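I opened the notebook to log what I looked up in this model. The entries follow in the order I made them.

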Amino acid sequence: MIHFDNIGMRYGMGSEVLKDISFNLKPGSLHFLTGPSGAGKTSLLKLMYLAQRPSRGKITMFNEDVTAAERGALPKFRRKIGVVFQDFRLLDHLSAVENVALPLWISGGKNIEIEEHVEELLTWVGLKDRMKARPPTLSGGEKQRVAIARAVIKRPDILLADEPTGNVDPAIAKRIMHLFVELNKLGTTTVIATHDMNLVAEIGADRMHLQDGRLHMIRAGENKPLREDEQFDPTEFDSRKLNQDEFGPKDYRPKDYRTTYGDTTLAGDEAS
């Protein structure tokens, strides 16, 4: 699904922030991306969602070389990727419901069906009473949950989340992780950048650990290098243990909207 071969990345004429990065993420795999601040986690995610190009090396996604792809060819890959940004990137003139519904509207979905799906998801992440609120009136944690709902509403082939639980309380953090694990079980290749080692330990997934711009693949619960054939099996993890809290329905499972609504291009898809 995602293959990096000897990738290096620098900004401008500076030194490399990522050095000799090589890995292969299988379809349907789940990894945490860890490392100290400044290690290059956000830079690696930018390469994975095609917001930046590497300085050297080759990136293969969806069985195609995306490193040398023309700018106009990138949106077809980005449509298959859901991204949770640290800075949320919500549209301030739209309500929470409208921000989450945007990918489905663009794909031509029916308003009644979209509203039902979006409201169910927002209720599940604890925003039942904030659906009509616009981003400027939402707290940081509320914005985070809206951004997460927008990223997962269409069950993308790849989900990349940059510190998705950084602005929420522990109960909501567990609920978000339940959602990510359920998506992963349904086939979404998932990479979650985080500093929360308690969540990493609770999930027990493999880690991609960055240190000084270099990547180390680490087996779940251990500190030894991970072989490519030892990746985390999400079917062995019962995510219901992450979902014991007071917010809404207990057993939300993401729906597959890709057949109903098709591919989606959001604002920003044309950037390279």
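**Entry 1: the sheet**

I began with strand β1 (residues 2–10), which pairs with β2 in the antiparallel sense over 6 bridges. Two strands pair here if DSSP finds at least two bridges between them. Helices (H or I, at least four residues) and strands (E, at least two) are DSSP runs, numbered from the N terminus.

I noted the ground rules next. The model is predicted, so local features need pLDDT of at least 70 and side-chain atom pairs count only at pLDDT 80 or more, while totals for chains, interfaces and linings use all residues. Residues are numbered from 1 along each chain as its sequence is written, and side-chain values use heavy atoms, with hydrogens and water left out.

Which residue stands opposite isoleucine 7 in β2? I found isoleucine 21 there. I then traced the open sheet of 4 strands: the order is β2-β1-β4-β5, with antiparallel pairing. β2 (16–25) and β5 (64–65) are the edge strands, and each pairs on one side only.

**Entry 2: the helix across the sheet**

I looked at helix α1 (residues 41–48). It lies across β1, β2 and β4 (56–61), and runs at about 55° to β2. Axes are lines fitted to C-alpha atoms, for helices over the stretch in contact; angles run from 0 to 180 degrees between N-to-C directions.

I picked out serine 43, which lies in α1. Is serine 43 buried or exposed? Its relative accessibility is 9%, so serine 43 counts as buried. The cut-offs are under 20% relative accessible area for buried and over 50% for exposed, with partly exposed in between (1.4 Å probe, protein chains only). I left aside its neighbours within four places in sequence and found serine 43 in contact with Met9, Tyr11, Val17 and Leu18. Contact means heavy atoms within 4.5 Å.

**Entry 3: aromatic pairs**

I counted ring pairs of Phe, Tyr and Trp (its six-membered ring), with centres within 6.5 Å; planes under 30 degrees apart count as stacked, over 60 as edge-to-face and the rest as tilted. The count is 3 aromatic pairs. In one of them, phenylalanine 4 and phenylalanine 23 have ring centres 4.5 Å apart and planes at 20°, so the pair is stacked. Phenylalanine 4 sits in strand β1 and phenylalanine 23 in strand β2, so the pair ties together parts 19 residues apart in sequence. Phenylalanine 4 is buried at 0% relative accessibility. Phenylalanine 23 is buried at 5%.

I also checked phenylalanine 62 and phenylalanine 77. Their ring centres are 6.4 Å apart and their planes at 10°, so this pair is stacked. Phenylalanine 62 is in the loop between β4 and β5, and phenylalanine 77 is in helix α2 (residues 74–78), 15 residues apart. I logged phenylalanine 62 as buried at 15% relative accessibility, and phenylalanine 77 as buried at 2%.

**Entry 4: two helices**

I turned to helix α5 (residues 140–152) and helix α6 (residues 170–185). Their axes come within 12 Å and cross at roughly 5°. α5 and α6 are therefore roughly parallel (angles under 35 degrees; over 145 is roughly antiparallel, 65 to 115 roughly perpendicular and the rest oblique).

Which residues meet? Arg145, Ile148 and Val152 in α5 meet Ile172, Ile176, Leu179, Phe180 and Leu183 in α6. By class, this contact has 7 nonpolar, no polar and 1 charged residues. Ala, Val, Leu, Ile, Met, Phe, Trp, Tyr, Cys and Pro count as nonpolar, Asp, Glu, Lys and Arg as charged, and the others, Gly among them, as polar.

**Entry 5: totals**

Buried residues make up 52% of the 272 residues.
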